[in-house]
Amino acid sequence: MAILGVCSLKGGVGKTSVTLGIASAALYARLKVLVVDLDPQGDTTLSLGVADSTTNCVAEVLDNPSLFVLRSAIAPSPWNPEQLHVLCGSQESARHDGPTYAHRLNRLTTALAHVHDDYDLILIDCPPSLGGLTRQGLTASHRALIVTELGLFSVSAAVRAFHAIEDIRTTSAPDLAPLGVLVNRVRPQSSEQAYRYEELTDMFGPLIMPTYIPERAALQQAQGAGSPIHAWPSRAARDLAQRFDHVLARALQALHSPVPEHLTHHLSQTNDDVTESLTEAFAAALTVSTEPAHTDTSVGSTN
Ligand SMILES: Nc1ncnc2c1ncn2[C@@H]1O[C@H](COP(=O)(O)OP(=O)(O)OP(=O)(O)O)[C@@H](O)[C@H]1O
Ligand SMILES: [Mg+2]
């Protein structure tokens, strides 16, 4: 079973968007996928079109991780009811986010073990803080993808997330390892982002994923329309889809799962390729670093 946790210890950096992007890539690679919505906000559940469609949700599964309860909390997504299922989230799960006790940390792991032959990939969208839910999610994961933006608070949250993964690995999940740090909402025109990118590469080096996700209105448009990014008809969406294909290929490789043939070319791209292209793009921004930050291109001006 291949389980990828998507986390960061900061809100709004793109965990849900990245989870949806990878789910879209997996769908177009014909994989069978379960998305676990651990966030009480329920954004993933809503985005995948299954809000209020189950009698139970992940909260009841964490109360009682039996196969019966698990099945009653899983719904097929209209994106593709055969291939994509959602373990639904709701605000009820907030009651599991408080202080946790060691004997409870494995409940999601226990529940997911019931369906380990049913899916090629399980994605877990974690909430933005290191409470009981994120701990459950990371304990159940084999790899953890840290999502960050290039801002001061986001970069320090990525560092905290990395330490949390190490901590959980040593205490409750010996098989857990970081997949890498995925940089989201990149705006190469931003000198502030250029500075933070240098800082991030100093801190994480090769742990930075060899692709990044640019800030694009197409991502929000596809989410608003309830569409997988791979089905959204624009050039920007096609570029985003390829980047999520890349993240999927890397994740499958790290999880020791077969990488579909059409994705294997992504495995040859290196961190150096990306560092080089971003450094070049950011270099232009640094030469005009006297510009105030508010002149950065906003999401509305890209497609
Ligand atoms: N690359 C991007 N380009 C444009 N908009 C983006 C991008 N990534 C995320 N967004 C937008 O930013 C907002 C926050 O993203 P998202 O909900 O994925 O973050 P999150 O980390 O899951 O938030 P939370 O911590 O609240 O769960 C959403 O409106 C989303 O559409
Ligand atoms: Mg979210």
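**Helix packing, ligand shell and overall fold**

The axes of α1 and helix α10 (residues 235–254) come within 8 Å and cross at roughly 80 degrees. The two helices are therefore roughly perpendicular, a label for angles of 65 to 115 degrees; under 35 counts as roughly parallel, over 145 as roughly antiparallel and the rest as oblique. Axes are lines fitted to C-alpha atoms, for helices over the stretch in contact, with angles from 0 to 180 degrees between N-to-C directions. On the α1 side, the contact is made by G21, I22, S24, A25 and A26. L240, A241, F244, D245, V247, L248 and A251 contribute from α10. Two residues are in contact if their C-beta atoms, placed from the backbone, lie within 7 Å. By class, the contact of α1 with α10 has nine nonpolar, two polar and one charged residues. Ala, Val, Leu, Ile, Met, Phe, Trp, Tyr, Cys and Pro count as nonpolar, Asp, Glu, Lys and Arg as charged, and the others, Gly among them, as polar.

The model is predicted: local features need pLDDT of at least 70, side-chain atom pairs count only at pLDDT 80 or more, and totals for chains, interfaces and linings use all residues. Residues are numbered from 1 along each chain as its sequence is written, while chains are lettered from A and ligands numbered from 1 in the order in which they are written.

Helix α1 also takes part in the shell around ligand 1. α1 (15–28), β7 (177–186) and α9 (217–224) each supply at least two residues of this shell. There are 20 residues around ligand 1, near meaning a C-beta atom, placed from the backbone, within 6 Å. G11, K15, T16, S17 and P128 come nearest. The shell divides into five nonpolar, nine polar and six charged residues.

V58 lies in helix α3 (residues 58–63). V58 counts as buried because it has 33 C-beta neighbours inside 10 Å; the cut-off is 20 or more, with exposed at 12 or fewer and partly exposed in between. Leaving aside neighbours within four places in sequence, V58 is in contact with V36, D37, L38, A73, L87, C88, G89 and S93. The C-alpha atoms of V58 and V69 are separated by 9.1 Å, at 11 residues apart along the chain.

The protein has 11 helices and eight strands, taken as DSSP runs (H or I, at least four residues; E, at least two) and numbered from the N terminus. Buried residues make up 50% of its 303 residues. The C-alpha trace spans about 60 × 40 × 35 Å along its principal axes.
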